[in-house]
Amino acid sequence: MKISYNLLKEFVDFEASPSDLASILTSIGIESSVISQGCAWTDVVTAKVLDVQKHPGADKLSLCKVSDGTKEYSIVCGAKNIALGQTVPLAKIGAVLPGNFEIKKSKIRGVNSEGMICSEKELGLKEESEGIFVLDEKTKAGLPLEKVLGGIDSILEIEITTNRGDCLSHLGIAREIGAKLHKAVSVPQLKVLKKLPVLNCVEIKSNLCKRYIGSVISGVKVGNSPKWLIDILAKSGIRSINNIVDITNFVMIELGQPLHAFDLAKLSSKKIIVREADSLEKITALDGKDYKLESGMLVIADEQKPVAIAGIMGGEFSGIEDKTETIFLESAIFDASSIRKTSKKLNLSSDSSYRFERGLGWDIAELAVWRAANLITEIAGGKQEALEDLHTVKYEKTKIALRFERVSKILGYAVEEDEIGEILRFLGIDLQPRGKMVLCTIPSWRNDIKIEVDLIEEIARIKGYDAIPTSKTNTYYSYTPNNSFLSSIVEEFRIKLKSLGFSEALNCSFLEVSELEKFGLKYYYKISNPISKENEFLRSSLLPCLFKNLMLNISQGCETVSLFEHGKVFAEGGERKTFSAIMCGRVWHEWWKWAEQKVNPKFDFYFGGGIIKNILPSEEFMIAENLAPSSYFHIGKTAAILFRGKVIGQFGILKPSLTSDIKDEVFYFEMDLEPVESICVKKSAFYKAYSKFPIVKRDISVTADKSLQFAEIEKVVKAVIKSGGILKDYSLFSVYNDETKLGDGKISYSFRLSYRNDEKTLSDKEVNDDVAVLLNKLDSDLNVKLRQ
């Protein structure tokens, strides 16, 4: 949307330059830029064209002689519209044009040029212009151009977010400026006739119209608009049509309320009916095109036919013409979603629909109809005969309790109560103090403010986002009341998996029942009115969608697929937060350092398990035997993930019957994050410092009976670790089962043991003695002996 700098100053008094104003607006969330700087030149004067001759060395150039009343200048000009007797803007030697373009004495095709005859584009007055800027022939020569033009304006272009429809007007932007600069905003003075007769000719038959105001103005004279009105519309990119239509467009860009004027004489029985269209109805709109309407589309109609597509465009039949004498002026509030749907279905959009789709304020409809009526009677003559204001809903302003303590807690810095009140009042919010809180009554135009945190966001926005302090922490995650521990776990998973070449998947929560049944999964929630059969059930696991992603990638020729997803599943008891990963194919990518090695491993149970072990963020997470594996896992190739002794996840190889179409094994990992959240949410923050003393490592190999479960050996090692000694960690790095060297029924496991004392450096003797203690316990408890 294009905004006039001068028109803004009529609403709010400020001193900021156009470029500074654009920066201010951008800082409060309204993206702005200056597209026309207004009087952005120096030393440009008016001049009379005394002579025009063909350039001796160029067919497309002219050699002109111009005068500023005291001196004559020889100018080379390339414009086709240059002519004898014209008054034109002359940039003399030393003048500076927009873009810091300085005019210097130059020689063009062998002829000296002592300045430049300017176009509107070169002066920054328009984005595009054809030929030179020709002034009124009665204009005296030698006058500064800015004095002649008068009221030179700068134009800003703004972009808003979809929830800020209140900013699609000069009044709306002025409110934002006033809030930021602590300036009062004024609205046009209106003459309101309080004893007008009621129309009794409007009927609302659809709840899609919330409010409808109609006014009859008779005796108007349709004609050209005054220059000031034509100019302000042009600055906003709107073409002048006639004085009545131009006034409705002006009020729209001034106040933000779209209006429409009907020729009352063309309406059947002079009746207005707001209703939904009948199937197969048609209308020829003001753009000259025919549109087929559908049932449910909101229209404005007389007793015989539709005369306008509500909120989008009027009909050609009822449009204002030169002979129009009596008009019906409409100002309404239509349902935003209905206008958007109709606009999309008809592939028809307008400045009106753009505003209606984003929501309008309840009160602005009445303000706009009086503003337009005042301007019409002033410019086009006539008399306001009647008015009718109907509504299908009772409007009640939103009221929100704002806790002062909550503001500082959310923003992370203290904001004084007086400052909070000042910011909110300048935003048009009425305040009623209630001790440690304040009851805020939201103005009708701010339909984006619905809850307390919206108010806090407004305070942060107006105060300035750069006021929010930045902080650094020494811990990667911590137990805090806002679940940052859980968030940090998820973020650490994502960072580590991405560093290993994984890609993040984002799938829809809906799927077909057969996709669940394939993996032996149950469904708990069925959609009543699904879009399609493929979107009939809510997922109870991330596996079906991730597996579909895997198969799609393989079908497209990908030899290696590694994906992860963080999302919600809908299991028995409600929705739950989960994290899953799936991988298949070669471990090393072709462009990795190890790609040329003879050993090129693929994702299997051991490599996948290593990845999971690597991404688990603390010692409180452990890998253990999976005593109750899901039916989709390969028996014997699965393990469980424990958090503080509770099973929260599992991983392993999917069973062959599910992956028969894939040549490689498929590794899948899933973790339920709810137990982590429930355990950690109320814990206080802690910091555990790293020990400054070194770790000492020892490798041992032991032999055991194959009949002995490895989990039993692990229990002994973990028990030694938990006893609080110097053994801190372990890892299994080799399994050897050659019975010809080990003996019948024997198997060997190789461990890497990590020892550390947090108070001193360990000696070899201390480590060796502790290793001996572990070996003695394995021997006495399980008959597991050190391999010779």
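In which loop is Lys270 found? Lys270 is found in the loop between strand S14 (259-263) and strand S15 (272-276). The model discussed here is predicted.

**Residues with positive phi**

- Most residues other than glycine have a negative phi.
- Lys270, a residue other than glycine, has a positive phi near 50°. Its relative accessible area of 47% makes Lys270 partly exposed, because partly exposed residues lie between the 20% limit for buried and the 50% limit for exposed.
- Asn200 likewise is not a glycine, yet its phi is positive, at about 60°. Asn200 sits in the loop between H4 and strand S12 (202-204). With a relative accessible area of 61%, Asn200 is exposed.

**Salt bridges**

- Across the whole structure, a search finds 44 salt bridges.
- Lys227 and Asp231 form a salt bridge in which the closest N and O atoms are 2.6 Å apart. Both residues belong to helix H5, and because they are four residues apart, about one helical turn separates them. Lys227 is exposed, with 61% relative accessibility, whereas Asp231 is partly exposed, with a relative accessible area of 29%.
- Arg371 and Glu254 are joined through their side chains by a salt bridge of 2.9 Å, N to O. Arg371 lies in helix H9 (residues 364-379) and Glu254 in helix H6 (residues 243-255), so this pair ties together parts that are 117 residues apart in sequence. Arg371 counts as buried at 15% relative accessibility, and Glu254 also counts as buried, at 2%.
- Lys602 and Asp664 make a salt bridge between their side chains, at 2.9 Å from N to O. This pair links distant parts of the chain, 62 residues apart. Lys602 is in the loop between strand S30 (574-584) and helix H16 (605-615), while Asp664 is in the loop between strand S33 (646-654) and strand S34 (666-672). Lys602 is partly exposed, with a relative accessible area of 38%, but Asp664 counts as buried, at 12% relative accessibility.

**The largest cavity**

- The count of cavities of 30 Å³ or more comes to one. The volume of the largest cavity is about 30 Å³.
- Its lining consists of Arg175, Glu176, Ala179, Phe426, Leu427, Trp445 and Arg446.
- Sorted by class, the lining of the largest cavity holds four nonpolar and three charged residues, and no polar ones.

**The second largest pocket**

- Two or more lining residues come from each of strand S1 (2-4), helix H1 (5-11), strand S2 (31-36), helix H3 (145-149) and helix H5 (227-235). H5 gives the most to this lining, with seven residues.
- By class, the lining of the second largest pocket has 14 nonpolar, ten charged and six polar residues.

**A nonpolar surface patch**

- Ile410, Ile451 and Val453 form a nonpolar patch on the surface. Together, these three residues have about 240 Å² of accessible area.
- Ile451, one of the patch residues, is placed in the loop between strand S25 (437-441) and helix H12 (452-463).

Technical notes: Residues are numbered from 1 along each chain as its sequence is written. This is a predicted model: local features need pLDDT of at least 70, side-chain atom pairs count only at pLDDT 80 or more; totals for chains, interfaces and linings use all residues. Side-chain values use heavy atoms; hydrogens and water are left out. Patches are made of residues with over 30% relative accessible area and no salt bridge: like charges are joined within 9 Å, nonpolar side chains (Val, Leu, Ile, Met, Phe, Trp, Tyr) within 5 Å. Accessible areas come from the Shrake-Rupley method with a 1.4 Å probe; for residues, only the protein chains shown count as cover. A salt bridge is a side-chain nitrogen of Lys or Arg within 4 Å of a carboxyl oxygen of Asp or Glu. On a 1 Å grid over the protein atoms alone, a cavity is a set of points where a 1.4 Å probe fits but cannot get out, and a pocket is an open set with protein on both sides within 12 Å along at least five of seven lines; lining residues have an atom within 4 Å of a point. Grid points are joined across faces, edges and corners, and a volume is the space filled by probe spheres set on the points. Ala, Val, Leu, Ile, Met, Phe, Trp, Tyr, Cys and Pro count as nonpolar, Asp, Glu, Lys and Arg as charged, and the others, Gly among them, as polar. Buried means under 20% relative accessible area, exposed over 50%, partly exposed in between (1.4 Å probe, protein chains only).
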